[in-house]
Amino acid sequence: MGGEYTEETYDAVTVLVGARRGAYPYANSLLVRGTDATLVVDPSLSLVHGAPPADVVLVSHAHEDHIAGLGGYDVPVHIHVGDLGPLRSRELMVAGFGYPPEEARAADRMLRDDFHVTGRPDALGFTDGTVFDLGGRTVTVVHLPGHTPGHSGLLIEPDGFLYVADIDLTSFGPFYGDARSDLTDFEASMRRCAGIDARWYGTAHQKGVIEGAPEFRRGLAEFAEVVERREAALLAFLTEPRTVPEIAEHRLVYRPHVSGPHVDPVERRTATHHLARLTAKGLVTETEPGLFRAT
């Protein structure tokens with residue numbers, strides 16, 4: 001599997017737009033040039049057969065669609081310390097999905113065969129605020145956890161380009177269904193993004209680049225509202241006592257036609273995130289062990 005990319009230029013930032021506008025399994029990558037060094041962000045499947053030269057690679061987070069083209073780079077690779085383990089080890093990446101054993105084995109084969117993931121034991125860790133100086137141009141890490149613990153954006157100056165990775169403003173909404181995801185962190189990260197003034201905001205999938213803070217904030221508010229809609233749908237379903245498996249079958253995240261080994265684990269974890277929050281707010285009660293009802 002592979003695909004070609006097209007280039008869009010925003011000052012010294014080149015967006016390498018993945019096949020199908022970066023829709024999964026593809027993604028959008030960045031190429032950033034300074035006077036001293038060139039940097040690539042999130043080498044995707046579309047770079048597998050034509051990776052542009054670079055001196056360093058930054059990875060926003062350890063998911064397969066953001067590293068499928070990593071094999072084309074024998075240069076230093078950096079990721080937030082929160083995602084360093086899964087980038088170094090495919091086994092740890094699969095474990096982060098939280099699948100049952102048989103599905104985990106299938107996911108491991110998919111990462112190996114479809115996304116060329118081999119693990120990068122040489123990967124290096126960065127933290128919030130780490131600055132990469134390319135010569136006349138800096139790339140600063142903005143830690144945006146929730147999707148994964150290490151999920152990070154990158155602020156490129158002086159261009160005023162903020163790459164927000166998988167806070168991607170798609171109609172699908174925020175994804176916090178992995179074993180390592182955290183809904184509270186995701187919402188805090190969206191608020192942090194809203195507070196950053198940039199000229200351009202680059203997403204990893206479909207929406208591409210949004211120009212101007214007002215337009216970005218509008219899109220971000222709609223993206224965040226998906227969380228509220230899921231919660232409202234859950235409360236409506238809990239007019240009668242329900243178990244987590246029943247909620248997962250009802251679906252808060254995926255449409256009925258979507259199938260695959262990922263669906264049930266993601267639905268269960270998403271439901272669990274919301275049940276914990278609604279219970280803490282007093283809006284849901286666990287009437288007996290494993291049985292939940294709206295109050």
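**Strand pairing in the predicted model**

Reader: In which sense do strand 3 (residues 29-33) and strand 4 (residues 38-41) pair?

Author: Strands are DSSP runs of E of at least two residues, numbered from the N terminus, and two of them pair if DSSP finds at least two bridges between them. The model is predicted, with pLDDT of at least 70 needed for local features and residues numbered from 1 along each chain as its sequence is written. Side-chain atom pairs would count only at pLDDT 80 or more, while totals for chains, interfaces and linings use all residues; side-chain values use heavy atoms, without hydrogens and water. Strand 3 and strand 4 are joined over four bridges, and the sense of their pairing is antiparallel.

Reader: Which residue of strand 4 stands opposite Val32?

Author: Strand 4 covers residues 38-41. The residue of strand 4 that stands opposite Val32 is Leu39.

Reader: Which strands stand at the edges of the open sheet, and why is one side of each left without a neighbour?

Author: Seven strands make up this open sheet, in the order 1-2-3-4-5-6-7 and with mixed pairing. Each edge strand has a single partner strand, so one of its sides has no neighbour in the sheet; the two are strand 1 (6-10) and strand 7 (124-126).

Reader: Which residue in the turn between strand 14 and strand 15 has a positive phi?

Author: Strand 14 (residues 284-288) pairs with strand 15 (residues 291-294) in the antiparallel sense, over four bridges. Among the residues involved, Val284 has Ala294 of strand 15 as its bridge partner. The two strands form a hairpin with two residues between them. In that turn, the residue with a positive phi, of about 80 degrees, is Gly290.
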